[in-house]
Amino acid sequence: RKMSPDIEQKIRRSFAAQAMMTTLGARLVALSDGTTVIEAPILPGSRQQHGFGHAGLTFAIGDSAAGYAALSLMPEGAEVLTTEMKINLLAPAQGERLIARGRVIKPGRRLVIVQADVHALKDGVETHIALLTGTMIPV
């Protein structure tokens with residue numbers, strides 16, 4: 001099914017209302033049925049002690065990308081909340097920007113299984129730095 005313009009607007013308004021995403025400089029750059037892409041710069045305030053992007057930044061945009069992918073498949077009045085999310089950190093977050101690609105693995109009325117892959121962009125090359133797998137609950 002094709003995402004309705006109303007659902008797309010709802011998701012864009014919801015993303016814009018997330019103060020955390022604004023603080024991180026994150027942008028919702030792509031949105032379609034069951035998938036989303038969120039990008040965020042690796043700002044000085046988002047780095048850990050070795051200069052890499054902090055895992056909290058990686059988790060935040062991965063969780064949001066997965067959550068909005070789930071929301072894209074929900075009925076108009078529904079929302080979703082994360083009930084659990086596992087992250088595998090695969091490589092240090094080095095570069096200018098992180099790109100989180102969220103997708104729905106299995107939609108459901110009670111639980112939605114989601115994943116997100118996070119890549120770091122450095123000098124035009126993407127490195128896969130994290131895999132998130134989790135569960136969203138429609139509310």
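The buried residues of helix 1 pack against helix 2 (19–24), strand 1 (27–32), strand 2 (35–41) and helix 3. Helices (H or I, at least four residues) and strands (E, at least two) are DSSP runs, numbered from the N terminus. This is a predicted model, in which local features need pLDDT of at least 70 and side-chain atom pairs count only at pLDDT 80 or more, while totals for chains, interfaces and linings use all residues. Residues are numbered from 1 along each chain as its sequence is written, and side-chain values use heavy atoms, with hydrogens and water left out.

Which residues of helix 1 are buried? They are Ile7, Lys10, Ile11 and Phe15, where buried means under 20% relative accessible area and exposed over 50%, partly exposed lying in between (1.4 Å probe, protein chains only). These residues lie on the same side of helix 1, because they cover an arc of only 130 degrees around the axis, taken from the directions from the helix axis to the C-beta atoms. The face turned away from that buried side carries the exposed residues Pro5, Arg13 and Ala16.

I turn now to helix 3. Of its 17 residues, 14 are buried. Helix 3 (residues 55–71) also gives nine residues, the most, to the largest nonpolar core, which has 38 residues. Such a core is a set of buried Ala, Val, Leu, Ile, Met, Phe, Trp, Tyr and Cys residues joined through side-chain atoms within 4.5 Å. Among the members touching the most others are Ile38, Ile61 and Leu98. Beyond its neighbours within four places in sequence, Ile61 is in contact (heavy atoms within 4.5 Å) with residues including Met21, Ile38, Leu98 and Val118.
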